[in-house]
Amino acid sequence: MLFCLTTKELMERPDLWEAVHRLRYRIFVEEMGWEDLRRPDGFEVDQFDHDEAVHQIVIRGNEVAGYQRMLPTTRPHLLTEVLTDLSEGTPPAGPNIWELTRYAVAPGFRDGRRGVSTVGTELIAGFVEWGLKRGVDKVIIEFEPMWVLRALQLHFLATPLGYQRTYGNQQVVATLLTFNEHTLDVVRSRRNHHAPVLARGYPDMFGQRRAS
């Protein structure tokens, strides 16, 4: 299942907070080579882990298998403050548009076909479900150009916002993805799993302890 937590809720679960930020470090610093994010403590934390961020976490057994972060575009976000050269002109913004960042699947969970793991498709289904429940029908995401085709295959309307650039050891393009109920049906069919993925409450893992 996929859990959605605010930054405050995530910080109240210290072991889950640590697992999430170590996974982000492993993927974005060690694998993707985003050296500007390197820190001696092995955590990847930035200025966008603020009180309006939404952390979406997939848990398998006692491990964080996947993660992504949603940011409102009604305040400064990654594309407007850090990855500014990825957008030609002013990026789209509004209450129905969020930015999806830090999409990550842990190495041990990269199964599946056509380049998208089962955990990866759960993350995709998760942000679509989450958005449709809140009047959100668009996300901005900065990803590798090959993901534009994959998004189209899942029946997102994919609109590049600028030219691809090199970050670390990968090419990245900012893209606006528009989705609807049909998109969700296609994603669920690709997963061969039609039940909702969003879970209620908190994940029960690592014998979770609350911050004192």
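Student: Why does Trp147 count as buried?

Tutor: Buried means under 20% relative accessible area, exposed over 50%, and partly exposed in between, with a 1.4 Å probe and protein chains only. Trp147 has 15% relative accessibility, so Trp147 counts as buried. Keep in mind that this is a predicted model, where local features need pLDDT of at least 70 and side-chain atom pairs count only at pLDDT 80 or more, while totals for chains, interfaces and linings use all residues. Residues are numbered from 1 along each chain as its sequence is written, and side-chain values use heavy atoms, leaving out hydrogens and water.

Student: What about Phe143, buried or exposed?

Tutor: Phe143 has a relative accessible area of 10%, so Phe143 is buried too.

Student: And what makes Trp98 and Trp130 an aromatic pair?

Tutor: Rings of Phe, Tyr and Trp (its six-membered ring) pair if their centres lie within 6.5 Å; planes under 30 degrees apart count as stacked, over 60 as edge-to-face and the rest as tilted. By this rule there are nine aromatic pairs. For Trp98 and Trp130 the centres are 4.9 Å apart and the planes are at 80°, which is edge-to-face.

Student: Which parts does that pair tie together?

Tutor: Trp98 is in strand E4 (residues 97-105) and Trp130 in helix H4 (residues 118-132), so the pair joins parts 32 residues apart in sequence. Helices (H or I, at least four residues) and strands (E, at least two) are DSSP runs, numbered from the N terminus. Both Trp98 and Trp130 are buried.

Student: Why is the pair of Phe143 and Trp147 called stacked?

Tutor: The ring centres of Phe143 and Trp147 are 6.5 Å apart and the planes are at 20°, so this pair is stacked.

Student: How do you know that Arg150 lies over the face of Trp147?

Tutor: A charge sits over a ring if NZ of Lys or CZ of Arg is within 6 Å of the ring centre and within 35 degrees of the ring normal. Arg150 is at 4.8 Å from the ring centre of Trp147 and lies over its face. Arg102 lies over the face of Phe28, at 5.3 Å from the ring centre. Phe28 also belongs to a cluster with Trp34 and Tyr167, linked by ring pairs.

Student: What radius of gyration does the whole chain have, and what would a compact globule have?

Tutor: The radius of gyration is taken over C-alpha atoms, and the globule rule is 2.2 Å times the number of residues to the power 0.38. With 212 residues, a compact globule would come out near 17 Å; the chain has 16 Å, so the two agree.
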